[in-house]
Amino acid sequence: MGSLADMGILGKSFSVKVVDKVVVSAEEPWTDHWLSFTNLDLLVPPFNVSSFFCYNKPSYGSFPTMLNSLKASLSRALALYPPVSGDIAWNEAVGKNQIHCNNQGVDFIHAFADVELKELNFYNPDESVEGKLMPDKQRGVCAVQVTELRCGGMVIAIKFDHRIVDGYSANVFISSWADMNRSETPLMLPSFARSHMNPRSPTTYSPSIDDVFCLYSPQSLPDGQNHKQGEDILVNRIYYIESEQLKSLQSLASENGRRRSKLVAFTSFFWKKLALSMEEAGNGDKVCNVAVAVDGRRRLSEGDGVEKEKLMDSHFGNVLSMPYGTKKPQELNEMSLSNVAADVHEFLQIATKKDHFLDLIDWVEEQGSRPLISKAFARGEMSVMVSAGQRFHTMDEMDFGWGKLAFGSCHVPSERTDCFVMTMGSPINNEDWVVYMHVPLRHMNFIEAHASHVFKPLNADYLKI
């Protein structure tokens with residue numbers, strides 16, 4: 001791999017000035033009401049999830065006009081999505097935290113960045129996005145920042161409280177907002193119905209649930225701040241993987257006669273690299289966990305007809321399970337990629353059935369109000385969550401009416417202490433992937449040194465900006 005400068009990814013340092021900050025509320029009519037969390041929402045920790053979307057200078061329209069249009073369409077979108085304009089608060093009537101749909105509104109920040117889109121460091125969002133293009137969410141469950149760039153382009157960034165949305169729901173909200181900004185009816189109207197997520201009576205669940213989630217114990221985890229130092233500090237990086245490399249990984253992962261998906265192949269390859277990095281750092285005897293986020297929407301509607309399928313597709317909230325595999329690095333390093341892929345495929349099987357998600361809902365019910373956590377992250381071991389964002393169709397649907405998205409990605413706030421990897425589609429080539437990573441610097445450096453043929457730092461040249 002050449003130097004970062006050779007690759008055109010030494011981004012320009014730049015300043016950002018907040019021009020204006022207003023509160024955007026849902027347009028009338030709206031009613032003050034409470035919305036309970038579903039049992040699957042209760043599996044999500046209280047941290048934020050974010051996305052940002054970059055656009056070249058549009059061929060028509062002034063920035064003030066576009067800004068006013070965005071505020072007006074956001075107000076209309078919030079009328080369709082009351083939870084987003086609300087807050088999470090204690091409901092005295094039921095004695096628990098719920099979503100208070102009180103239309104307190106969303107902080108909407110207008111900023112100006114003294115930089116051109118092509119000068120942004122896409123490879124290192126810690127430098128270009130964190131604290132600059134991302135809103136600081138001080139209240140409520142959502143905040144938005146629209147940043148005007150010196151070139152006339154813009155970045156729209158949005159931050160959610162994860163307890164009210166998973167990646168799929170966040171994406172549906174943002175694409176609905178984009179539809180409404182183009183004066184079109186959203187492709188999907190959200191469902192806030194709770195009955196289809198109720199536990200069964202009597203509750204029943206398989207012991208296998210205990211392999212995926214457990215009770216949260218505070219002493220096992222960091223305190224929510226990234227206090228690590230040196231090479232252990234968690235950093236964010238964005239790479240692209242060319243289609244030929246993905247096909248090659250898939251072929252190697254499928255060597256034992258079973259065709260594996262690209263996600264299983266990628267997860268297996270990443271897991272092995274992580275293990276090698278741990279071994280090099282003298283941690284070969286520690287445990288290395290990899291979890292995969294599995295969306296249960298389609299699974300929960302299995303066999304229940306088209307109406308239930310539509311209801312689950314449009315369900316706004318969290319519908320995730322997080323099966324995982326655990327191995328010592330030494331063991332992983334001795335295995336072929338196809339054998340690791342067989343193990344990944346195996347642990348994923350638990351979350352492919354409708355019964356698993358029904359059991360999960362019942363299991364949460366039986367835990368009462370006790371805090372819960374993904375078992376992969378329960379003991380402070382080296383654990384990474386892999387999430388697939390390909391089905392979000394981000395690149396096509398985030399059209400606010402002034403041209404195709406130049407680039408869009410999730411963003412992990414730097415204070416998050418959990419390791420996270422998101423695979424996404426590429427805006428340039430449908431067969432390529434863009435991969436967002438939030439992992440310790442030590443492992444990032446190792447992966448760059450030993451897998452540079454797969455992970456290529458994202459830059460403006462690749463994005464054709």
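Trainee: What covers the buried residues of α9?

Mentor: The cover includes α4 (243-253), α5 (262-280), β11 (288-292), β12 (294-295), β14 (324-327) and α8 (329-334). Contact means heavy atoms within 4.5 Å, and helices (H or I, at least four residues) and strands (E, at least two) are DSSP runs numbered from the N terminus. This is a predicted model, in which local features need pLDDT of at least 70, side-chain atom pairs count only at pLDDT 80 or more, and totals for chains, interfaces and linings use all residues. Residues are numbered from 1 along each chain as its sequence is written, and side-chain values use heavy atoms, with hydrogens and water left out.

Trainee: Which residues of α9 are buried?

Mentor: They are Leu-337, Ser-338, Val-340, Ala-341, Val-344, Phe-347 and Leu-348. Buried means under 20% relative accessible area, exposed over 50%, and partly exposed in between (1.4 Å probe, protein chains only).

Trainee: Turning to rings, how many aromatic pairs are there?

Mentor: The structure holds 19. Rings of Phe, Tyr and Trp (its six-membered ring) pair if their centres lie within 6.5 Å; planes under 30 degrees apart count as stacked, over 60 as edge-to-face and the rest as tilted.

Trainee: Where do Tyr-81 and Phe-173 lie?

Mentor: Tyr-81 is in the loop between α1 (63-80) and β4 (87-91) and Phe-173 is in helix α3 (residues 167-181), so the pair ties together parts 92 residues apart in sequence.

Trainee: Are they buried or exposed?

Mentor: Both Tyr-81 and Phe-173 are buried.
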